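Me: I have a two-chain model on my screen and would like to understand the terms used for it. Could you take me through them?

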Protein chains: 2
Amino acid sequence: MPRTRVHNLFLSLDGYAAGDRVTADAPIGDAGALFAGFDGRLIHGIGGVDAPLTLDGALTALWGQGIGAEIMGRRKFGPQPGDRPEDGWRGWWGDEPPFGTPVFVMTHEPRPQLDFADGTSFRFVDGTPEEVLRLAFDAADGGDVRLGGGPSTIRQFLRADLVDVMHLVIKPITLGRGVSLWDGLAGVEKRFTVESVASAGGVVHQFWNRRRDA
Amino acid sequence: MPRTRVHNLFLSLDGYAAGDRVTADAPIGDAGALFAGFDGRLIHGIGGVDAPLTLDGALTALWGQGIGAEIMGRRKFGPQPGDRPEDGWRGWWGDEPPFGTPVFVMTHEPRPQLDFADGTSFRFVDGTPEEVLRLAFDAADGGDVRLGGGPSTIRQFLRADLVDVMHLVIKPITLGRGVSLWDGLAGVEKRFTVESVASAGGVVHQFWNRRRDA
């Protein structure tokens with residue numbers, strides 16, 4: 001059974017997973033400390049990356065394994081507020097996005113699909129989490145679906161109980177403001193088993209698996 | 001720079017990594033407790049495996065990432081003692097070995113190469129660790145080389161200081177006898193940095209990385 005998975009979701013101790021002021025110059029808003037030390041080269045695996053093998057790196061490398069499609073929020077795709085202008089924007093990642101699969105961008109303002117040479121295609125869809133997830137599973141061709149964020153998108157799927165597996169990275173920082181993962185989700189942990197493990201890198205990794213008996 | 005890596009090497013608390021009585025009926029000798037709970041389906045990644053995401057599973061999945069060739073000892077390939085008979089033996093894995101790469105079997109009794117549909121080829125070579133490693137890197141085509149064991153083979157490479165990365169899994173069991181990884185290697189840890197992490201599965205994972213300043 002294909003699953004809905006979240007990977008490398010960085011959280012502050014006060015529960016924020018993104019800044020609240022995203023601009024074209026600051027794609028992660030004013031929450032850069034969340035991502036300090038993250039080695040994005042490892043998302044495709046530990047091979048070919050000239051870095052020591054660490055727990056942090058090993059878990060980063062789960063990102064793409066068996067993934068057939070991603071779902072992301074509109075703000076992960078681009079910083080533009082309100083109506084999306086016809087500005088030629090093709091995402092933060094330039095001509096070489098790292099996805100390599102269909103990517104469903106949830107938006108109330110659909111626009112034509114964007115295709116890239118590596119197999120990435122951005123598909124702009126308006127729908128409920130259930131509806132978009134169904135599209136993503138169809139496109140994933142038997143693979144799992146990754147929820148790529150941002151946190152408010154993941155929160156929608158958690159509220160709808162559509163998340164099977166979640167890898168969180170708890171950083172020992174406090175931000176005081178930003179986009180919280182947990183708004184309106186009190187007690188959500190009851191629907192999951194949670195394994196926590198501390199790394200030498202100073203973070204705590206958590207594996208959330210939806211309870212099969214719940 | 002391609003690396004020489006060891007993955008999923010299970011060790012008892014008294015340092016044994018295999019039993020000492022390997023037979024055709026008991027490929028891992030009398031040390032089955034070492035491998036209890038190991039989910040071999042995960043060596044190719046967490047995708048497509050219907051199991052909760054755990055630390056143990058996530059680290060199992062490092063096995064093949066970026067690997068272009070494996071080196072194994074003769075006893076990992078087959079149980080036959082002494083001269084290898086022309087018995088049609090094609091390895092423990094039947095018609096579908098999991099490697100998908102060239103596999104160099106270290107033996108003093110070379111025999112013709114064996115090829116499989118998935119890209120696995122067993123190549124029987126007589127040489128020093130340095131010589132066999134050179135062959136493996138040539139065949140790996142830029143990928144890393146995995147030392148697949150058994151422990152006496154890995155020990156040879158550790159003695160020759162040819163191991164870059166090593167993922168050990170320390171199980172809370174004592175065996176009393178078997179093949180020790182550590183014979184003749186007192187102080188070997190001085191050549192590495194070691195990160196240890198405990199899993200909810202009850203084992204300790206260690207990441208050994210060769211010191212670059214040593």
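Reply: A salt bridge is a side-chain nitrogen of Lys or Arg within 4 Å of a carboxyl oxygen of Asp or Glu. This is a predicted model, where local features need pLDDT of at least 70 and side-chain atom pairs count only at pLDDT 80 or more, while totals for chains, interfaces and linings use all residues. Residues are numbered from 1 along each chain as its sequence is written, chains are lettered from A in the order in which they are written, and side-chain values use heavy atoms, with hydrogens and water left out.

Me: Why is the pair B:Arg212 and A:Asp50 called a salt bridge?

Reply: The N to O distance between their side chains is 3.4 Å, and the limit is 4 Å, so the pair qualifies. The rule finds 2 salt bridges across the interface of chain B and chain A.

Me: Which elements of chain B each supply at least two residues of the side that touches chain A?

Reply: Strand 1 (4–11), helix 1 (55–60), strand 10 (192–198) and strand 11 (204–210) do. Here helices (H or I, at least four residues) and strands (E, at least two) are DSSP runs, numbered from the N terminus.

Me: How do you know that the copies meet through the same surface?

Reply: Contact means heavy atoms within 4.5 Å, and 30 residues from each of chain B and chain A take part. Of the interface residues of chain B, 100% are also interface residues in chain A, so the surface is the same.
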